Amino acid sequence: MKILKFGGTSVGSAESIRQVAKIIASYLDQGDEIAVVSSAMGGVTNLLSQASELAEANEDKYLNITRQIETIHADSIRQLLDTQSQSKSLANLKMTINELEEILHGVSLIKELSVRTLDLVLSFGERLSVPLLAAYFQQEKINAIPVDSRQLIFTNNDFGKARVDYSLTDKAITDYFQNISSIPIVTGFIASGENNETTTLGRGGSDFTAAILGAALNAEEIELWTDVDGVMTTDPRIVKNAFSLPYLSYIEAMEMSHFGARVIHPPSLQPAFNQKIPLRIRNTFNPAFPGTVIGSKPKTSGRLIKGLSSIKQVTLISLTGSGMVGIPGVSSRLFSALAAKDISVILITQASSEHSICFAIDPANAKGAKKVIKKEFEFEMERGRIDEPLIEQGKSIIAIIGENMRNTPGISGKLFSALGRNGINTSAIAQGSSEVNISVVIDEKNLSKSLNAVHQAFFISESKTLNIFMVGVGLIGGTLLEQIQAQSAYLLNERLLEINVIALSNTKKMIVDEAGIDLKDWKEALENATNSANLNSFVDKMIAMNLPNSIFVDNTSNLEITSLYQQILAASISVVTPNKLANSGKYRDYQLLQKEAFLHGVKFLYETNVGAGLPVINTMSDLKFSGDQILKIEGVLSGTLSYIFNNFTGDAAFSEVVMEAKNSGFTEPDPRDDLNGMDVARKILILARESGIEMEPEDVVVENILPKACLEAASIDLFFEELTKNNDHFESLKTQAEQSKKKLRFIATLEDGKATVKLTAVDQDHPFFSLSGSDNIIAFTTRRYYDRPLVIKGPGAGAEVTAAGVFSEIISISNYLYQGIKNILPNNHG
Ligand SMILES: NC(=O)C1=CN([C@@H]2O[C@H](COP(=O)(O)OP(=O)(O)OC[C@H]3O[C@@H](n4cnc5c(N)ncnc54)[C@H](O)[C@@H]3O)[C@@H](O)[C@H]2O)C=CC1
Ligand SMILES: N[C@@H](CC=O)C(=O)O
Ligand code: NA
């Protein structure tokens, strides 16, 4: 025997009822023995309680509502039944509505609605839906019979939440089912009290009816048909990738629903739990989906946690004081006093110092709780042994739930690192020794961010998102967007990584789209954007959105933007940038950013500051952390200058070669930054700092090769004009070098704490002699690489390699956020 219970939405319209009939027929086709429990048609129970209130207030308007109820049912009758059967059903409907109106009329006369009468009124919902269903099922060749549960379920007279007399009830049910050949369609929610009074079973009442029937009949399964696919991992309105769980234990189901998952109401399912009858939550509107089974067998699905629940609003109260340490009875007094005032406590924590107790309650009880506590501990408070209770509003609780986390180390580590790496502070933490639930109190403003971050961290099969906010979409930024777009399918399929570009800005416009910008047409989107570019508001918006796993990418060479990095890092948003200006200003600022990133558990990454995509900075930090000591750095650190001096060999004039470098995307936005040595000076300064030297920009000795007129030109175009006038100067430098069989190299050196940058003519024996293209070369002489230095060489500028360097740092943040994920292949999802 299977019990199929259909909720209000499942029987809410003629169309849904047809769907229900199909579901029932499919069971019968399989030869299943079934009994059906139904709720009132969706919304009807609420209408009945409204009608009762209006009648009590002696308002005739209750008649509008009874008419509305009549129409709802009459419409369905007309839509579902053949003309011959309609008249009988409509006549019955009329009679029942008359009976209801008489009762309400009585209420309106005495202007009093007792709980007893309210139960009677509410019973009409199921008493109207069930005959309608049975009539339609019969027409559909289902041998159905309407059953009023008041002949099966017996309770006391606690109206509104009547207690079941199981011995009477079980007997009535087994007797009834012994001699039955049709499919009973049973009214949910209602029962018979003492003296045949009509009672109701309280919240989740129809589920309760199904559980009572299932338990009495020792059913094989109880199916609760509703309008969702089952119990979801978490609230799908907040986490878009939440999914339906195939299996939950009773305990897990209880924990999930305690913390917000409203699909089931465990107390009403207790009879089924007690008898270990499996429950299945199924979707009437998606019957092919298997739904969620709730059962007693511990299933090892490999999932460490089953779900993530939350309570949106709680108040946190802390009771602190020296008078609590080692004194028994304080917590007992506290919680008894709260209980006496019916204040339910949602979560409790106390550290072993016993110096304070902290607990969470419903905000509606905050005032009351404060009063109760002050009264209970008046004596201690007057004497300063216990402080005034500290009340904190605006908090939420999130809880991870799963029986498999019992005895599994690392779960809380994962939880807290997902929160910590997103800058989410935890105000209180509780884990019962049953280890089925870890609950964390956080600020309500971080609820969505927390649920998303934690959900992604635990559910391996869920794609991991990175949310990108990008300023600067010139050569590097534009190329980066192309690379992200080209690689997105691979990252999603092979690495379950979803890169959402949430916001873009150039100097004119900016766009922000929480759903992610379609990278196929980001250019048009930006052109057509209505918002003018504004750095501060870009950053404010990004911080206010408070999305998990956010990364700010700066692809400009703008100084103003770098002054916002600190604020961004402090908001626990990582920064990735090829812009060298943040790291080549005052040493103090450089240090501050390092500290800020560390303090807030986020990343500040800038490998492309030196050698573009070449692994220069990371190699250096590897050397340093493994205990090596850097003695000397020597390098050609400018792709532009490398290109220029490699190509300034034939007939082309110097200014022409510079223009070629600019057109190839090697130069700084203003090529003078390359030619005047500033770009290289910044790079050697950054390397000096990375090697541990507290160097200031003015400490770098730079030999400028540009004539004054070029330096002072008012624009880039004018600069090229001036440069053309000075071609002879460079021609003569070249001739001198060539005569001595040397090549010109712009070399940066760091040695003995001193940094210099100058144009040098090197001979054939010099390792930098044979560079080509835009190659950079960096030689590290260290304690370990002493006789022969460690050399890194390759293209050190250009769109593709630089953008790729930025891209790989973005990806590296995903590895940091989701430790270990990168090695899990998609066919291995948990
Ligand atoms: N091109 C290369 O090979 C390499 C470049 N870099 C660095 O990458 C950064 C970008 O260089 P490129 O893309 O080559 O230069 P670019 O001039 O093509 O792009 C920079 C973009 O930033 C935009 N921008 C400037 N201020 C802005 C603001 N306040 N808001 C929004 N956008 C703004 C500009 O309009 C421009 O479109 C620079 O910091 C450069 O030093 C680093 C390594 C190699
Ligand atoms: N303009 C720079 C670009 C890389 O930092 C260079 O030429 O090296
Ligand atoms: Na690099």
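Colleague: Which residues touch the most other members of the largest nonpolar core?

Modeller: In this predicted model, they are Ile185, Leu213, Val454 and Ile468, out of 185 residues in that core. Helix H6 (residues 124-139) gives the largest share of this core, nine residues.

Colleague: OK, but what makes a set of residues a nonpolar core?

Modeller: The members have to be buried, come from a list that includes Val, Leu and Ile, and be joined through C-beta atoms within 7 Å. Ile185, Leu213, Val454 and Ile468 are members, so each of them counts as buried. Also, nonpolar side chains tend to be buried together in soluble globular proteins.

Colleague: Which residues does Val454 touch, leaving out those up to four places away in sequence?

Modeller: Val454 touches Leu308, Ile398, Ile400, Leu415, Ala418 and Leu419. Touching here means that the C-beta atoms lie within 7 Å. Apart from this core lies another one, of 50 residues, among them Val636, Phe730, Phe768 and Val801.

Colleague: Now Lys371 in helix H12 (residues 366-376). Why is Lys371 called partly exposed?

Modeller: Count the other C-beta atoms within 10 Å of its own: Lys371 has 13. Buried needs 20 or more and exposed needs 12 or fewer.

Colleague: How do you know where ligand 1 lies relative to domain 3 and domain 4?

Modeller: Look at who supplies the shell. Domain 3 (464-611 + 809-817) and domain 4 (617-796) both give residues to it, so ligand 1 lies between them. The shell has 29 residues, and the closest are Gly472, Gly474, Leu475, Ile476 and Ser557. By class there are 11 nonpolar, 16 polar and two charged residues.

Colleague: Last one: how do you describe the packing of H2 with H4?

Modeller: With the angle between the axes and the distance between them. Helix H2 (residues 44-56) and helix H4 (residues 83-110) pack at about 35°, with axes 7 Å apart. Ala51, Ser52, Ala55 and Glu56 in H2 meet Leu104, Val107 and Ser108 in H4. These residues divide into four nonpolar, two polar and one charged.

Methods
Residues are numbered from 1 along each chain as its sequence is written. Chains are lettered from A and ligands numbered from 1 in the order in which they are written. This is a predicted model: local features need pLDDT of at least 70, side-chain atom pairs count only at pLDDT 80 or more; totals for chains, interfaces and linings use all residues. Axes are lines fitted to C-alpha atoms, for helices over the stretch in contact, and angles run from 0 to 180 degrees between N-to-C directions. Helices (H or I, at least four residues) and strands (E, at least two) are DSSP runs, numbered from the N terminus. Two residues are in contact if their C-beta atoms, placed from the backbone, lie within 7 Å. Ala, Val, Leu, Ile, Met, Phe, Trp, Tyr, Cys and Pro count as nonpolar, Asp, Glu, Lys and Arg as charged, and the others, Gly among them, as polar. A residue is near a molecule or strand if its C-beta atom, placed from the backbone, lies within 6 Å of it. Domain bounds come from an automatic or database domain assignment.
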